[in-house]
Amino acid sequence: MSELRTDRLLLRRWRDSDLAPWAEMNADPEVREHLGDLLTREQSDASVASFREEFDRRGYGWWALEVRATGEFIGFAGLDQVEEDMPFTGVEIGWRLARGAWGQGYASEAARTVLAHGFEALALSEILAVTTAANLRSRAVMRRIGMTRDPADDFQDPTAPEGPLRPSVLYRIARGAGY
């Protein structure tokens, strides 16, 4: 499936026209606060190339997120395999929005559609979400879409440098749960 739609959003494959606004997001310290270092334009472009390749290979991944009424690119949402060096396995949901799109319910709206796709089209039995312990905005989205956290699953992210990005939380939702 190359596109998903909500009332307000289009989750679609990446276009070359997304590269510049994506790079702006990756150069924004507030957007990157819980993600680590800012990315150069080259690193940002390379991430999109990787998203495209993974989507082609698996049939799912990170969709570009567009406001249907305006055509504005506002970030991404989608599913990805949990990285191999994490202390758990599975498929992870995620989202990242440009600062101007924060606080409008877009992340929750996109995430609900991604969950439905994961459970219905991909027949996943469970979907995970991971963020830094301090990322209260993303944690609120996780709760709003019906995900739950067991503090026993909290972990130190082995991919993050020592410091505030290392303490992380894991949320879960099973097929059949409300979202």
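Predicted model: local features only at pLDDT ≥ 70, side-chain atom pairs only at ≥ 80, totals over all residues.
**View A: R8 sits in the loop between β1 (4-5) and β2.** Residues are numbered from 1 along each chain as its sequence is written, and side-chain values use heavy atoms, leaving out hydrogens and water. The element names come from DSSP runs, numbered from the N terminus: helices are H or I runs of at least four residues, and strands are E runs of at least two. R8 counts as partly exposed, at 32% relative accessibility. Leaving aside residues up to four places away in sequence, R8 touches E66, V67, R68, Q104, G105, Y106 and E109. A touch, or contact, here means heavy atoms within 4.5 Å. E83 is another story: 75 residues along the chain from R8, with 31 Å between the two C-alpha atoms.

**View B: L11, I93 and W95 touch the most other members of the largest nonpolar core, which has 33 residues.** A nonpolar core is a set of buried Ala, Val, Leu, Ile, Met, Phe, Trp, Tyr and Cys residues joined through side-chain atoms within 4.5 Å. The elements that each give two or more residues to this core are β2 (9-12), β3 (62-67), β4 (73-81), β5 (91-97), α3 (106-121), β6 (126-132), α4 (136-144) and β9 (167-174). The largest share, seven residues, comes from α3. Zoom in on L11, skip residues up to four places away in sequence, and you'll find it touching S2, E3, L4, T6, W63, A64, L65, A77, A110 and V114. Apart from this core lies another one, of 11 residues, with W22, V31, V48 and F51 among them.

**View C: Helix α4 has buried residues, and R137 is found in this helix too.** Which residues of α4 are buried? They are S138, R139, A140, V141 and M142. The buried residues of α4 pack against β5, α3, β6, β7 (148-149) and β9. R137, by contrast, is exposed, with a relative accessible area of 55%. Just after the helix, G146 takes a positive phi of about 95°.

**View D: A123 has a positive phi of about 55° although it is not a glycine.** Look for this residue in the loop between α3 and β6. Is A123 buried or partly exposed? It counts as partly exposed, because its relative accessibility is 48%.

**View E: R58 is part of helix α2 (residues 41-58).** Its relative accessible area is 23%, so R58 is partly exposed. Not counting residues up to four places away in sequence, R58 touches L79, D80 and Q81. As for Q81, it is 23 residues from R58 in sequence and 9.8 Å away in space, C-alpha to C-alpha.

**View F: D16 lies in the loop between β2 and α1 (19-26).** This residue counts as exposed, at 55% relative accessibility. How far apart are the C-alpha atoms of D16 and G163? They are separated by 35 Å, and the two residues are 147 apart along the chain.

**View G: Zooming back out, the protein chain has four helices and nine strands.** From the N terminus on, they run β-β-α-α-β-β-β-α-β-α-β-β-β. The radius of gyration is 15 Å, close to the 16 Å that the globule rule gives for 179 residues, so the chain is as compact as a globular protein of that length. That radius is taken over C-alpha atoms, and the rule is 2.2 Å times the number of residues to the power 0.38. Taken along the principal axes, the C-alpha atoms fill a box of roughly 40 × 35 × 35 Å. Of the 179 residues, 49% count as buried. Among contacts with a separation of 6 or more, 62% come from residues 24 or more positions apart.

How values were computed:
Buried < 20%, exposed > 50% of the residue type's maximum accessible area, 1.4 Å probe, protein only.
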